[in-house]
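This briefing covers selected helix packing arrangements and the surroundings of individual residues. Please consult the sequence and the structure shown below alongside the points that follow.

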Amino acid sequence: MTSLSLGTHPPDQTGATEADLVRRVARLDLPAKVRLLTGATSWRLHPLPEIGLRSLVVSDGPAGVRGTGEIEGETSASFPAPSALAATWDVDLAARAGRLFAAEARRHGVDVVLAPVVNLQRTPVGGRHFECFAEDPLLTAQIAGSLVEHMQACGVAACVKHFVANDSETARTSYLARMSERTLREVYLAPFEHLVDRGAWTVMAAYNGLDDGQEAATATEHHGLLRGILKSEWGFDGVVMSDWLATRSAAAAANAGLDLVMPGPGGPWVDGLLDAVLAGEVSEATVDDKVLRILRLAGRVDALDGLPTGPAAEALAGDRALLRELAARSTVVLRDEGCQLPLELPATARVALIGPNAVDAFIQGGGSASVRPWHVVTPHEGLRAALPDADVVVLRGGDARRHAPDLDVTARAVDPVSGAAGLRIDLLDAAGAVLRTERHTGPWSGWLRDAGPLTAAVRIRTTVALAGRGAHWVGVGTVGRCTVRVDGRLVAHDEVVVGSEVVLDSSVNSPDDRGLLIEVDEPRSVLLEATVQNVVTDGYGSFARAALRHRPPGPSISQEIDEAVAAAVGADAVVVVVGTNDEVESEGWDRTSLRLPGRQDELVERLLDVAPDAVVVVNAGAPLVLPWFERARTVIWTWFPGQEGGHALADVLLGVTEPAGRLPWTLPATEADVPVPGAVPGIDDRVDYHEGLHVGYRSWDLLGRTPAAPFGHGLGWTTWEYDALTCWDTADGGLGLEVELRNTGPRAGHEVVQAYLEGPADGPERPVRWLAGFAVARAEPGDPATARIDVPVRALQVWDVAAHGWTLPAGPYRLRVGRSVRDLRLEQEVNR
Ligand code: BGC
């Protein structure tokens, strides 16, 4: 098998021989085998003690290992988002991240981490853009490949997801991605193929479907994809599990090659698969193969008894330091006119730290990737720790959120019946009778889980103390059937009963406000009463959702902006942190705009008027249109940096760690320029991949459009001269490159050397240029460095539809090397 990979397979951890696994399968009867093929819970598989199999445990996800939720108060290390990791373009850092993932997984008792996401950033509006690595398949493949290889070398399985073309969220459980066979092979399958080649142990079949001109089917039933390409052609010997609730059939999915239905305990295979086998629609050999694959996985993660134990993942020591280093190294310097970075500040400097995301940093995107960090370092804490004697003033400069803040239950809520602090919660049956009453004191999470099978609704009552004069907004964010009253007045009533769909579309994580604005002249209380549905889902348990919210009167956004501008005047440094938040970037929906939420653009413009040297920090995952971009002297992009984000920000601003990131995608100057502005399915439920091979920067090149910052761009904090390029043929038909460079700037730094290919004019259709390899070089000021880059043969090949295989079209090719796709310094002709 050939692929993008030049890596080697990780050593297999299992001591189980195939013969031993086959013997274990043979000891099971059909019902036991079928039972194993659906999850026991959301995050566990059934144990089979009779063959020495303990329960396998899976957990999300790409930004940390969340755990199973079985342990009250379980916290996790919060990693920088995958696109931040990709922005390092550093496979060694990805390897270290992979080992830390494994350590976290072991700590949580997790065998399979539901990551990485190797779908592509096809459109900037994609809700899970931050969970993906890049808009380029090779960069995605190599960063994810290193992560997976090193995680699995510690005995923890990766689950490469979502197979395939889950590149947007609109109608995500139903759309069919329609693309040409070449596009499928060369672009969207390429990272999956690479990861299978590097030995990935599990793959997740997506919610969406694929129409590749050969077969149009949902991914869990796509015979050509699962049995054909993945298992037969690529030789994948691991487990294909469904995305959560994605399986729709028994025989069709089982025969197509799906091995495991997640989550459980219900689902179409519980009775359906046994019936299908008994009816002769699915062979017992097919079931045996699925069981064998699960046992093979169990052997690899050390879940079978009687086998030698795999190497323990390295201890957690150093985890915070690595998370901090990753976040700092991934930071991209987009502009730095006059080389302001790092800032040189007197110890007692006055620093104005301004912006909604300075006050409320967005450290991780919304949806299944989120974890509960045990601690978050805010930008303020980071700067204060680095500059203990400085005067750091923090101002929001205007709220950028749609939803009102959480009600401070501890300080403002009183049970209306007992008069004691907190909430009164009644569990109601279907007739509205009270089953049980609970009192809740202390902070309220907004969720009440597992209220019991008889509970149809949950009524929450509290008296809210409204202290200040002015307009208070009081209400609830909820989903499904509900009635909300404020002081007896009906403010919302909904009869629609909801189920799992509110989890799948993430509306449950960011529910809309239902409430009332109340004018207050003197302190008073209002009675808030919300009766909300107890949502019963398949696979996600049951819960009632009631985010209690209260916005007290306060300065208007205009007043906050004025105040921020005043604070910026005369400050030794102005750091403006703008960005998105969990109402904007999340699994479950695509964005509708590329603009910063709220009035943040106005805030930046106003600050630049008085402080042209202000450092603008963009705390976001996916591209934004930044109208002030050319005006700002210094702009850095800090991603979703994870729990150590505040320290990382201080490190890059103050010269501790180089912000050495490079964009793994294209930053547009205007929305109108974006080649794939959205991914809304047509009436036939198809999302047309009309741009074909020209994903991301390739379309920008094809259309001749100029972005605000191109793919691969990032300035770091030093300068580089490219001196010489040497290129030779490698044994597998690829290319080896050596690029001689010199650090011509004042600081030691990293350079991401990028190699692009351009195809012969008369060959098959190719992108204008495409990434073929990359490497990170490091040098002290004035020193030379050599970057060695492997260009795999696959980077030169195309998928030949007629021959159903890879071919290498005759050259000449132009090999171009440089700092970004639009800043190419050296070149050489390559013949094939
Ligand atoms: C997501 C997966 C995730 C799963 C379990 C799904 O909705 O698409 O990425 O692993 O839920 O949380």
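Contact here means heavy atoms within 4.5 Å. The structure is a predicted model.

**Helices α5 and α7**

- The axes of α5 and α7 are 8 Å apart, and the two helices pack at an angle of about 25°.
- Angles under 35 degrees count as roughly parallel, so α5 is roughly parallel to α7.
- The crossing of this pair, α5 and α7, is right-handed.
- On the α5 side the contact involves P137, T140, A141, Q142, A144, G145 and V148, which meet A190, P191, H194 and L195 of α7.
- Sorted by class, the contact of α5 with α7 comprises seven nonpolar residues, four polar residues and no charged residues.

- Helix α7, spanning residues 190-197, is mostly covered, with eight of its eight residues buried.
- The buried residues of α7 are A190, P191, F192, E193, H194, L195, V196 and D197.
- These buried residues of α7 pack against α5 (137-153), β3 (157-163), α6, α8 (223-233) and β34 (805-807).
- Just after α7, G199 adopts a positive phi of about 95°.
- Helix α6 (residues 181-188) is largely enclosed by the rest of the structure, because eight of its eight residues are buried.
- Within α6, the buried positions are E181, R182, T183, L184, R185, E186, V187 and Y188.

**Helices α14 and α19**

- Helix α14 covers residues 379-386 and helix α19 covers residues 645-654; they pack at an angle of about 50°, with axes 7 Å apart.
- That angle makes α14 oblique to α19.
- The crossing of α14 and α19 is right-handed.
- From α14, P379, G382, L383, A385 and A386 take part in the contact, while α19 contributes G646, H647, L649, A650, L653 and L654.
- The contact of α14 with α19 contains eight nonpolar residues, three polar residues and no charged residues.

**Residue S76**

- S76 is located in the loop between β1 (58-59) and α3.
- With a relative accessibility of 1%, S76 counts as buried, since buried means under 20% relative accessible area.
- Leaving out residues up to four places away in sequence, S76 touches V65, R66, E104, R107, H108, V371, R372, P373, W374 and Q643.

**Residue D90**

- D90 belongs to the loop between α3 (82-87) and α4 (91-107).
- The relative accessibility of D90 is 9%, so D90 counts as buried.
- The D90 side chain reaches the backbone nitrogen of L93 at 3.2 Å.
- A polar contact also links the side chain of D90 to the side chain of R329, at 2.8 Å.
- When neighbours within four places in sequence are set aside, D90 is in contact with I143, R329 and V776.

**Residue T17**

- T17 lies in the segment before α1 (18-26).
- The relative accessible area of T17 is 45%, so T17 is partly exposed.
- Between T17 and G126 there are 43 Å in space, C-alpha to C-alpha, and the two are 109 residues apart in sequence.

How values were computed. Residues numbered from 1 in each chain as written. Predicted model: local features only at pLDDT ≥ 70, side-chain atom pairs only at ≥ 80, totals over all residues. Heavy atoms only, no water. Axes fitted to C-alpha atoms, helices over the stretch in contact; angles between N-to-C directions. Helix = DSSP H or I, 4+ residues; strand = E, 2+ residues; numbered from the N terminus. Parallel < 35°, antiparallel > 145°, perpendicular 65-115°, else oblique. Left-handed = near helix turned anticlockwise from the far one by under 90°. Nonpolar A, V, L, I, M, F, W, Y, C, P; charged D, E, K, R; others polar. Buried < 20%, exposed > 50% of the residue type's maximum accessible area, 1.4 Å probe, protein only. Polar contact = N/O pair within 3.5 Å; in protein donor to acceptor, adjacent residues only side chain to side chain.
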